[in-house]
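This report describes selected local features of one protein chain.

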Amino acid sequence: MTFSDHPRIRPLELVPIREGENAMYALRDPYGFADTVALPMGAAMLVILMNGERTLGDLRIEFERKVGKSISLPDVERVVNQLDERYMLDNQRFASYQADLMARYQQLEVRPAAHAGGAYAGHPEALRAQLGNLFTCEAGPGLLPSEGTRAGDTVIEDQKLCAVMSPHIDLHRGGPTFAWAYDRVVTESDAEIFIILGTAHTPLASLFSVSQKHFDTPLGTVETDRGFIAALKARLAECEDAGEVAKIFDDELPHRSEHSIEFQALMLQYGLGSRRDYTIVPILVGSFHPFVQYNRSPGDSPAVADFVAALRETAASCGKKVCFVVGIDLAHIGQQFGDEELITDARLTEQWADDQELLARACEGDAEAWFIHVAAQADKNRICGLAPMYVMLEAIRPCRGELLKYDHAVAEDRTSCVSFASAAFYE
């Protein structure tokens, strides 16, 4: 038996993009190894049937049984070959490609910008105009101060900005909400190190993944603070075995195409890149779903508690001013995410109310209350930022937070809604 005789599709996402008689589906690779392709309904059905147990002939027979239409064996073979060419099948060809790509990526000193020219403009001048408009548009916070303005000029006495929450939705939909967070960074933070906690959208070797690569953007390279990372690694090694520590600090590949940190690095480069020097610490945080499933606090897990404590202690002893950035979104609801019904105005109002309660828990600086609110509902709203926010709140325990902007993006066909917000947190 070979994979070519019994094709198996890789763990990809099949998302409807057009309904009706000429329905179309997008086949997406969340791991970033393959480009997205658009498939008609027939090809999408074949994809669903490719479980590695069916021969090409079995696929043809099962397709005709389920769809009620005939398909020739050459047509089945053509679809399989096209998917194979695009590295969408789980076979030896993909395994070799993946291993080669991983080896080459591991050797890079600088992570290339994965989403330039797609999620945001790839040319520096066009990008500056695009990002500037996020601040000056009607929904934005307004023009950033001149470069001569000192950070801290607008700080309220006895309060220090210690973290911001920013979305990680694409800039086309959530851009002004990003701007509200980075307006506070530019005007109120004099941090030298920004610890970026991002949502991992692909599996990690551990619950955390710390990248040691610098981050490239069309506006320049954002330097990663390898000294801070070395100190964090050494501190964590005091309470974790060598294997677990290696999983955290050698697991570079999930960062390759992840946007939740890239967007924050880009916004920092736009806001601060020409004003002063700073470094970042890029950390992806994996899913807390098992804690939700078993109604168990993440703080009871040694893996979480040890990492949070090491992060807190390293930040406190590094001798530099530190600010956290959390790149998260909130609810993901609608048919696209597994719900049965289309999004109604009443459902949007209900979601707004629930999100406000959740954000209030965050602004109280209470990591456990933030987690409990989501776990009590079995994460029915699919909060895409539960874990990074918990880590930030537990690591710095802010005295208060301030909600800056809340928004949501609703699909025109009402099949999905993603909510997001920005907030500032103070010691």
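Leaving aside neighbours within four places in sequence, His 255 is in contact with Tyr 105, Arg 111, Ser 209, Val 210, Ser 211, Phe 215, Ile 261, Pro 282 and Leu 284. The model is a predicted one. His 255 sits in the loop between helix H8 (242-249) and H9. Its relative accessibility is 1%, so His 255 counts as buried.

**Two further buried residues**

Ser 206 belongs to the loop between S6 and strand S7 (208-210). With a relative accessible area of 17%, Ser 206 is buried, since the cut-off for that class is under 20%. Apart from neighbours within four places in sequence, Ser 206 is in contact with Glu 244, Lys 247 and Ile 248.

Ala 179 is part of helix H6 (residues 171-188). The relative accessible area of Ala 179 is 0%, and the residue is therefore buried. Neighbours within four places in sequence aside, Ala 179 is in contact with Leu 134, Phe 135, Pro 141 and Met 267. Glu 13 lies 166 residues from Ala 179 along the chain, and the C-alpha atoms of the two are separated by 30 Å.

**Aromatic pairs**

A pair of aromatic rings is described by the distance of the centres and the angle of the planes. The structure holds 11 aromatic pairs. Two of them are tabulated here.

| Pair | Distance of centres | Angle of planes | Class |
|---|---|---|---|
| Phe 194 and Tyr 278 | 5.9 Å | 85° | edge-to-face |
| Phe 288 and Tyr 390 | 5.9 Å | 70° | edge-to-face |

Why does the pair of Phe 194 and Tyr 278 have its class? The planes of Phe 194 and Tyr 278 stand at 85°, and angles over 60 degrees count as edge-to-face. The pair links distant parts of the chain, with Phe 194 in strand S6 (residues 193-199) and Tyr 278 in the loop between helix H9 (259-272) and strand S10 (279-285), 84 residues apart. Phe 194 is buried at 0% relative accessibility, and Tyr 278 is buried with a relative accessible area of 10%.

The planes of Phe 288 and Tyr 390 are at 70°, so this pair is edge-to-face as well. It also links distant parts of the chain: Phe 288 is in the loop between S10 and helix H10 (289-293), and Tyr 390 is in helix H14 (residues 386-396), 102 residues apart. Phe 288 has a relative accessible area of 3% and is buried. Tyr 390, at 1% relative accessibility, counts as buried.

Elsewhere, ring pairs link Phe 33, Tyr 87, Phe 94 and Tyr 97 into a cluster.

H13 and H14 pack with their axes 8 Å apart, at an angle of about 160°. H13 is therefore roughly antiparallel to H14, as angles over 145 degrees fall in that class. The crossing of H13 and H14 is left-handed. By class, the contact of H13 with H14 has 8 nonpolar and 2 charged residues, and no polar ones.

The axes of helix H1 (residues 41-49) and helix H2 (residues 56-67) come within 10 Å and cross at roughly 120°. H1 and H2 are therefore oblique to each other. Their crossing is right-handed. H1 contributes Gly 42, Met 45, Leu 46 and Leu 49 to the contact, and H2 contributes Leu 59, Glu 62, Phe 63, Lys 66 and Val 67. By class, the contact of H1 with H2 has 6 nonpolar, 1 polar and 2 charged residues.

**Positive phi angles**

Most residues other than glycine have a negative phi. Ala 378 is not a glycine, yet it has a positive phi of about 55°. Ala 378 is in the loop between helix H13 (367-375) and H14. Its relative accessibility is 56%, so Ala 378 counts as exposed.

Arg 397, also a residue other than glycine, has a positive phi near 45°. Arg 397 is found in the loop between H14 and strand S13 (400-410).

Key
Residues numbered from 1 in each chain as written. Predicted model: local features only at pLDDT ≥ 70, side-chain atom pairs only at ≥ 80, totals over all residues. Heavy atoms only, no water. Axes fitted to C-alpha atoms, helices over the stretch in contact; angles between N-to-C directions. Helix = DSSP H or I, 4+ residues; strand = E, 2+ residues; numbered from the N terminus. Parallel < 35°, antiparallel > 145°, perpendicular 65-115°, else oblique. Left-handed = near helix turned anticlockwise from the far one by under 90°. Contact = heavy atoms within 4.5 Å. Nonpolar A, V, L, I, M, F, W, Y, C, P; charged D, E, K, R; others polar. Phe/Tyr/Trp six-rings, centres within 6.5 Å; stacked < 30°, edge-to-face > 60°. Buried < 20%, exposed > 50% of the residue type's maximum accessible area, 1.4 Å probe, protein only.
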